[in-house]
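Please examine the sequence and the structure before reading the solutions.

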Amino acid sequence: MIDFGNLIAAQPLSALLADYPVVRDFFLNLNLPPLNEAKSLADALLEADDDWLLEFGLTREEIPSQLAAFLTTMTAAESGRAVTSLTIIGGRDKSGGAENIELHIEPGTVVSIVGPTGSGKSRLLGDIECLAQGDTPTARRILIDGAEVTEDDRFNLEGKIVAQLSQNMNFVMDLTVAEFLEMHARSRAVGVSGDADALIKTCFECANSLAGEKFTPETKVTQLSGGQSRALMIADCAYISQSAIVLIDEIENAGVDRREAIALLAQSEKIVLISTHDPLLALGADKRIVIKNGGISAIIDTSAEEKASLVELEKIDRLLYNTRKTLRAGGQINDLGTL
Amino acid sequence: MKMITVAGPPSSGKTSVILRLAESLKLNIGVVKFDCLTSFDKARYKAAGIPVQIGLSGKFCPDHFFVNNVEGGVSWGLRNGIDVLITESAGLCNRCSPHITGITSVCVVDALSGVHTPRKIGPMLKFADIVVVTKGDIVSQAEREVFAWSVKQANGSAQVLSVNGITGQGAFMLSKKVLEAREITSLTDSRLRFTTPAAACAYCTGETRIGENYQMGMMRKMEYEI
Ligand SMILES: Nc1ncnc2c1ncn2[C@@H]1O[C@H](COP(=O)(O)OP(=O)(O)OP(=O)(O)O)[C@@H](O)[C@H]1O
Ligand SMILES: [Mg+2]
């Protein structure tokens, strides 16, 4: 851990800003007047107007220590937490019956969740999201790296290890795709990181290959179609988001290449759980969890025979896809054999 | 009795968060709602069976009004056997914060309000122990992450929690923090975490006319460029 207090005292502002551009945000947040960057923060502040500082409720003494605390938080936010395994320990179903299961999932694994509407698929995702410790209606417990998650960890890990994707999510920022990716990458990388540009480029290209219709980096994120948005969200999850676990709630009908999307997330060594009614996604996973009456009733490893069936199903899916494409382009469907 | 202060910009979801929190706490909750001119929340709290007092600051500075009346709220809570007293303040300007040293403080912000909003909100967010982000379920994961980063920029020590004001997802994590709040019997000699405005001018006492002739008391003049 870097001692930012010493660093801030020892360096001129210009050097500090070069190493940590985020310092500029700190000054903006405090609405500080322009400072002499050739000097150290403490010295530069000596030149700042007393009234100004007083007006904004600041003192010269507290600003350097506030900046040190700020840099400590911002650099900690950068480093994601690696996860080596996720364990689901069964609780009870809606009638109170015990689940009696213990499932370990490792990075690079895709698990699908199937079951009738209202059976409790989203509930299971919810349990994982909040790292349940027997305190949700299902009484399930979630372990990370084989260990129980303490109360403190649960709060500190909030939003850090679990990413979510669902049909209800939209982009709301008034930014272009390029600006958007840059902003997300920037929120993760505090120091200067040369590879951010490469990461953004890969992510953009990948999103485009997942989407049915192509889009440019200059497109506003709010103007993307449903399918394009989903494609960008998935690529962003794979390349830029730091979360080790990705929870997907029904992205079927999204107009993206679903199989490729899931494969992409698995490749990036994430743990992927996907609640779905889509047979291709269900069978495309390594395992599937079957939910009945709120409880996990079975965990099935996708067999070799099922993988073979999947190949046949994909042909049917391709046929439907091509039919749709032909119809969209104004064509006619007279001979299925040619599709 | 425990006490928490809840603040946040208008329509950020404060009342919904408090209602979901109350469901999750399963204790006697009492709410004192501070607002400026009108408040629509009484019916919602009543419908949920939560005792509520409404304080409208009217022509007084809402921030000064809050400080002058918050102690009375504590006495009301104690008289009525309340377990957790919650003050909800909506009428405050972004200049101020109702947060009190030693009292668990919550700021509610809306994920739809723009990624830089947390950095603009000021002391209400900067001095909060817990920042609750609402409506995060309908924005992309990336925007949620950027939003949380923006909150961290403004307040690095706050606990950031996502709460869905409709389904209540996340409310129970918030309830765990609320249960850690200190027991109090009075606020006398407690301190605000941030100063209230120092102004005492003609407009503070009801003047509405514009012009040098009417401007009296403590005030500040802008220096416009030529
Ligand atoms: N084990 C359980 N004990 C108590 N309640 C449960 C349990 N499992 C699920 N529930 C509740 O059942 C309801 C329906 O569950 P959920 O929304 O997860 O269904 P779903 O399978 O995702 O349905 P859909 O396919 O329509 O999305 C929810 O209110 C959930 O909290
Ligand atoms: Mg569901």
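Angles under 35 degrees count as roughly parallel, over 145 as roughly antiparallel, 65 to 115 as roughly perpendicular, and the rest as oblique. The model used in these exercises is a predicted one.

**Exercise 1.** Determine how α10(A) and α11(A) are oriented to each other, and identify the residues that make their contact.

Solution. Begin with the axes: those of α10(A) and helix α11 (residues 226-239) of chain A come within 8 Å and cross at roughly 140°. The two helices α10(A) and α11(A) are therefore oblique to each other, and their crossing is right-handed. On the side of α10(A), the contact is made by L199(A), T202(A), C203(A), C206(A), A207(A) and L210(A), while α11(A) supplies A231(A), L232(A), I234(A), A235(A), D236(A) and Y239(A). Sorted by class, the residues in this contact of α10(A) with α11(A) are 10 nonpolar, 1 polar and 1 charged.

**Exercise 2.** Describe the packing of α10(A) and α12(A), starting from the angle between them.

Solution. Helix α12 (residues 258-267) of chain A packs with α10(A) at an angle of about 150°, and the axes are 9 Å apart. Since angles over 145 degrees count as roughly antiparallel, α10(A) and α12(A) are therefore roughly antiparallel to each other. The residues in contact are C206(A), S209(A) and L210(A) from α10(A), together with E260(A), A261(A) and L264(A) from α12(A). By class, this contact of α10(A) with α12(A) has 4 nonpolar, 1 polar and 1 charged residues.

**Exercise 3.** Work out the geometry of α9(A) and α10(A), and then classify the residues where these helices meet.

Solution. The axes of helix α9 (residues 177-188) and helix α10 (residues 196-210), both of chain A, come within 10 Å and cross at roughly 130°. It follows that α9(A) and α10(A) are oblique to each other, and α9(A) passes α10(A) in a right-handed crossing. Here V177(A), L181(A), E182(A) and A185(A) in α9(A) meet I200(A), C203(A) and F204(A) in α10(A). The contact of α9(A) with α10(A) comprises 6 nonpolar, no polar and 1 charged residues.

**Exercise 4.** Which residues are the closest to ligand 1, and which atoms lie 2.6 Å apart?

Solution. Of the 16 residues that surround ligand 1, the closest are T117(A), G118(A), K121(A), S122(A) and R123(A). The distance of 2.6 Å separates a polar side-chain atom of K121(A) from an oxygen atom of ligand 1. Backbone atoms take part as well: a backbone N or O atom of G118(A) lies 2.7 Å from an oxygen atom of ligand 1, and a backbone N or O atom of S119(A) lies 3.3 Å from an oxygen atom of ligand 1.

Conventions
Residues are numbered from 1 along each chain as its sequence is written. Chains are lettered from A and ligands numbered from 1 in the order in which they are written. This is a predicted model: local features need pLDDT of at least 70, side-chain atom pairs count only at pLDDT 80 or more; totals for chains, interfaces and linings use all residues. Side-chain values use heavy atoms; hydrogens and water are left out. Axes are lines fitted to C-alpha atoms, for helices over the stretch in contact, and angles run from 0 to 180 degrees between N-to-C directions. Helices (H or I, at least four residues) and strands (E, at least two) are DSSP runs, numbered from the N terminus. A crossing is left-handed if the near helix is turned anticlockwise from the far one by less than a right angle, and right-handed if clockwise. Contact means heavy atoms within 4.5 Å. Ala, Val, Leu, Ile, Met, Phe, Trp, Tyr, Cys and Pro count as nonpolar, Asp, Glu, Lys and Arg as charged, and the others, Gly among them, as polar. A residue is near a molecule or strand if one of its heavy atoms lies within 4 Å of it. A polar contact is a pair of N or O atoms within 3.5 Å; within protein, one must be able to donate a hydrogen and the other to accept it, and residues adjacent in sequence count only if both atoms are side-chain atoms.
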